[in-house]
Amino acid sequence: MSVSCTDLWNRIGGVSLSHLSRRTEFSLTLVLALMLAVVWWLVALRFEAATGVPVWRDQDTTFTQALHHLADPYPALAFPYVPWTAVLLVPAGLLPLRWSVLAQMALYFAILTAVVFKFGGGLKAVLLTLTSAIAFDTALEINMEWLVCLGLLVPPAWSGPLLLVKPQVALGYGLSFRGRDVLRAGGVVLVVVLVALILWPGWPGKMLADIQTNTLGDWGSRINIAPSRLMPAPLAWLMGLLLSWRAFRRKDPILGVLAWLFFVPYATLYSLMPAFALFAIRWPRVALVISGTLWLLYGGVLLSFLQGG
């Protein structure tokens with residue numbers, strides 16, 4: 001079957017223009033994401049100045065302090081995390097608090113933008129996510145979701161140690177792995193866990209104790225919005241099973257991440273930003289409704305707080 005020069009040129013040109021358009025959209029979206037990171041950082045500083053309520057408490061007391069407790073982070077810090085998290089957080093402790101937070105926020109928004117584009121989204125999904133009330137909540141108490149998002153960018157074999165930093169966020173990504181990827185990822189995780197047991201003996205028990213005391217304790221329960229807490233747990237698990245089966249059959253990373261949320265015992269609003277970004281890729285109109293609803297709810301609570309009600 002012959003192909004004319006004109007047809008061949010159109011095909012090549014179409015592919016090139018498509019790729020060029022996609023790269024241009026990514027570059028534009030990345031710039032906007034970084035600008036929004038700076039805006040939200042300034043909003044958080046203004047919020048603290050106006051209300052007297054400290055922001056970035058976890059950063060101040062834990063994440064930027066991990067550098068000083070690499071030998072054993074558990075006795076000195078509230079640290080319900082796998083121990084290699086402390087090593088990954090070393091750069092966060094090299095700058096003063098506010099500049100460290102700005103760097104992490106810019107990094108988080110940039111990585112999240114790359115995640116959205118990797119899974120088929122674009123400018124719309126990124127803007128829906130980074131202008132949401134979840135982004136505002138993230139600005140007030142930025143955590144380590146950027147490390148988990150890195151786990152969504154690296155090859156599947158290397159994703160496990162990063163996903164386990166905060167397993168409640170996106171561990172369901174593994175439901176989209178092929179058999180070979182599962183074996184490789186499992187091997188990498190096994191090696192990292194064994195090395196961690198040598199470097200930090202007894203860490204699983206210390207981590208679990210910290211989870212019970214902090215994450216699932218009185219303080220954590222006040223901000224816990226996990227689906228299994230907001231609805232009857234058996235119903236949440238059933239929904240999670242149905243979504244998990246569909247994600248596994250389709251090897252669908254977006255459904256996998258969303259399905260996992262129905263199993264976790266703990267989630268905060270800011271920890272849902274990666275999942276919301278993936279949701280916005282697939283269902284942007286629904287995401288817009290959710291974002292508007294969250295702003296109404298969040299805005300009402302915030303207004304009541306500012307008025308001292």
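Mentor: Start with a term. A nonpolar core is a set of buried Ala, Val, Leu, Ile, Met, Phe, Trp, Tyr and Cys residues joined through side-chain atoms within 4.5 Å. Also, keep in mind that this is a predicted model.

Trainee: OK. Which residues touch the most other members of the largest nonpolar core?
Mentor: Met105 and Phe109 do. That core holds 76 residues.

Trainee: And which helix gives the most to this core?
Mentor: Helix 5, with 10 residues. In general, nonpolar side chains tend to be buried together in soluble globular proteins.

Trainee: What does Phe109 touch, leaving out residues up to four places away in sequence?
Mentor: Ala33, Leu36, Ala37, Trp40, Leu130 and Met273.

Trainee: Let's stay on helix 5. Where does it run, say around Ala110?
Mentor: Helix 5 covers residues 97-118, and Ala110 lies in it. Not counting residues up to four places away in sequence, Ala110 touches Leu30 and Leu34.

Trainee: How far is Ala110 from Phe136 in space?
Mentor: 16 Å, C-alpha to C-alpha. In sequence they are 26 residues apart.

Trainee: New topic: helix packing. At what angle do helix 5 and helix 17 pack?
Mentor: About 35 degrees, with their axes 10 Å apart. The crossing is right-handed.

Trainee: Which residues meet there, between helix 5 and helix 17?
Mentor: From helix 5, Tyr108, Phe109, Leu112, Val115 and Val116. From helix 17, Met273, Pro274, Ala277, Leu278 and Ile281. By class, this contact has 10 nonpolar residues, no polar and no charged.

Trainee: What about helix 6 and helix 17? What's the angle there?
Mentor: About 145 degrees, with the axes 8 Å apart. Helix 6 spans residues 123-130, and helix 17 spans residues 273-282.

Trainee: Is that crossing left-handed or right-handed?
Mentor: Helix 6 and helix 17 cross right-handed.

Trainee: Who meets whom between helix 6 and helix 17?
Mentor: Ala125, Leu128, Thr129 and Leu130 in helix 6 meet Met273, Phe276, Ala277, Ala280 and Ile281 in helix 17. The classes here are 8 nonpolar, 1 polar and no charged.

Trainee: Last thing: confidence. What is the mean pLDDT of the chain?
Mentor: It is 91, and 92% of the residues reach 70 or more.

Trainee: Where does pLDDT stay under 50?
Mentor: Over residues 8-12. The model has 2 contacts for that stretch beyond four places in sequence. Where pLDDT is low, the predicted coordinates should not be read in detail.

Note on methods: Residues numbered from 1 in each chain as written. Predicted model: local features only at pLDDT ≥ 70, side-chain atom pairs only at ≥ 80, totals over all residues. Heavy atoms only, no water. pLDDT = per-residue confidence, 0-100. Contact = heavy atoms within 4.5 Å. Helix = DSSP H or I, 4+ residues; strand = E, 2+ residues; numbered from the N terminus. Buried < 20%, exposed > 50% of the residue type's maximum accessible area, 1.4 Å probe, protein only. Axes fitted to C-alpha atoms, helices over the stretch in contact; angles between N-to-C directions. Left-handed = near helix turned anticlockwise from the far one by under 90°. Nonpolar A, V, L, I, M, F, W, Y, C, P; charged D, E, K, R; others polar.
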